[in-house]
Structure formats: C-alpha cells, structure tokens
Amino acid sequence: MKTRIISGAVLFGILLVTLTFGGYPLYFFCGAISVMGLFELYRVFDVHKNPVSYIGYGAVVALYVFLNPSFGNLIQIPEMFIYVAALIALMTVYVFRFGKVSAKDVMVIYFGIFYVGLMLSYVYRVRVFEGGEYFVWLIFIGSWVNDTCAYFTGYFLGKHKMAPELSPKKTIEGAIGGVAGSTVLGLIYGIILSANNAVPVGNVILITTLAGLIGAFCAIVGDLAASAIKRNQNIKDYSHLIPGHGGILDRFDSVIFTAPVVYWTINFIL
C-alpha cells in the first residue's frame, strides 16, 4: 500500500505540473505515455518484438509531430494521411512477408495506433483549446474522480455485480455513485469557473456538467474494455512500470475514453 501511495503521488505530481504548464511539458508527456502504452499493448499480444510493430510506433510519433504547431505548420499533412499511410505500409509488409506476419499482427498493430496513440493525444488537444487550462481537468473528473466515487459507493452500498467476469468488485451501485459524483463535481466546477469569469467562452456550466456526466459513463466502458483485453490475454497488469498501479494502460485506461469525449463535448457546445 505504501508503494502504491508513493508512486501514485509521484504520478499525480508529474500530471499536475504538465497539465498546469501545458505546452511542451504536456506535449512530451502525452507523447511518452502514448508510446509506452503502445509498447504495453503490443507486448500483451506478443507483437512487440516483430519489426512490423515499428510502423505502429512510427504512426504515433508522426501523429504527435504534426500535432505540434511548430512542425504541423511547416508541412500541411492531414491527420488522416498518417492512418492511411500506416495501413498501406502494414498491408504491404503483410503481403510481402506473408507467413511471417499474420493478419492478427497487422490488426493489433493498427488498432493500437488509435486505441492508445490517438485517444491519449486528446489530453493535449483539450489543453490547447481556449480555456484549455481549465477544461483539461474535466478529463480526470470524468475518469479518476468517477473511479474514486465508484469505489467508495460500491464499498458501502454495492450489492449487484456489474460485470463479474471482467471486474468482480465493480457494482451497479458503484457505477451510479461514480457517475453521480463526477457529474456533480463537474457542475460545481462549472459554477466556480463561471462565477469567476475564468473561461470567456460558451456555456461553461453546460460544458463541465455534460463532460462530467458523459465522461464518467465512457470511463466505465474504458476501464472494462482494458480489463476485457487483460482477461482475454490472461494477464493481471499491462506492466509494472508504476509500482502498485501496473502500467500506463492500467492507470490511464479510463482516460483513453474520457479525453476524446471531453474534447468533442467542448467542440460541439462551443
């Protein structure tokens, strides 16, 4: 427990600094956890030693390169180009290395580009919005606050299992408590921002409340989706990178889903 608390505090400290400063600190942090998370996923499916996996890593690195305005403004390449190019490259290797590269390898490698690289990049994308220094915290209200509220609600009130095959300790009552806690905190956060005119754009209270609500629902799915992959592959954790917590995908499984949800909630309302 002590190890878990210490490593959790260190991770929170790094996250606090990078989210607060934004810019290059957050940019490189998101890029780093995306590549590390991708490696964890590839290792789970035993494709991490296959040279073709470098196409997946290359696609994620390219995604971040062109996500940075310093590079993106120099070479105008649509983001979709990266995904199309990666698919063509993977299928080319598959064809000419048939028998040594399987269809499963190709699908896992391509899936990882989106599941890890693209989805986690939305943390940085939210931060660069106008008012992003405030909105970016909604990602973690929808994920980690939801998880904390769900844990305590489930501990004291939980009776009905939600997905026993994937996560035996998760209950329906816990899920309701998590969504309620995230939504209420999102509402309170919006009221505080609005009262202080912190974000001079759109309907701030509507954005924060909906982000808390929808983000919490998606966080539950994200958590269970990561658990489903682990159950299929018969592993407990994706890695031991974060002592007491597992790997990047163990700690950021719900963030993978809440980050894009918060981004598009803001985008649609603004």
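The exercises below concern a predicted model and come with worked solutions. Local features need pLDDT of at least 70, side-chain atom pairs count only at pLDDT 80 or more, and totals for chains, interfaces and linings use all residues. Residues are numbered from 1 along each chain as its sequence is written, and side-chain values use heavy atoms, with hydrogens and water left out.

**Exercise 1.** Determine how helices H1 and H8 are oriented to each other, and which residues meet.

Step 1. Helices are DSSP runs of H or I with at least four residues, numbered from the N terminus. H1 covers residues 2–21 and H8 covers residues 137–157.

Step 2. Axes are lines fitted to C-alpha atoms, for helices over the stretch in contact, and angles run from 0 to 180 degrees between N-to-C directions. The two helices pack at about 150°, and their axes are 11 Å apart.

Step 3. Angles over 145 degrees count as roughly antiparallel, under 35 as roughly parallel, 65 to 115 as roughly perpendicular and the rest as oblique. H1 and H8 are therefore roughly antiparallel.

Step 4. Contact means heavy atoms within 4.5 Å. Leu11, Leu15, Leu16, Leu19 and Thr20 of H1 meet Trp137, Phe140 and Trp144 of H8.

**Exercise 2.** Check the span of helix H3 and find where its buried residues lie.

Step 1. The expected span is 1.5 Å times one less than the number of residues. H3 (residues 53–67) has 15 residues, so it should span 21 Å; its end C-alpha atoms are 22 Å apart, which agrees.

Step 2. Buried means under 20% relative accessible area, exposed over 50%, and partly exposed in between (1.4 Å probe, protein chains only). The buried residues of H3 are Ser53, Gly56, Tyr57, Ala59, Val60, Leu63, Tyr64 and Leu67.

Step 3. The arc is that of the directions from the helix axis to the C-beta atoms. Down the axis of H3, the buried residues fall within an arc of 160°, so they line one face of the helix.

**Exercise 3.** Decide whether asparagine 146 is buried or exposed, and list its contacts.

Step 1. Asparagine 146 lies in H8. Its relative accessible area is 4%, so asparagine 146 is buried.

Step 2. With neighbours within four places in sequence left aside, asparagine 146 is in contact with Ile141, Gly178, Val179, Ser182, Ala216, Ala219 and Ile220.
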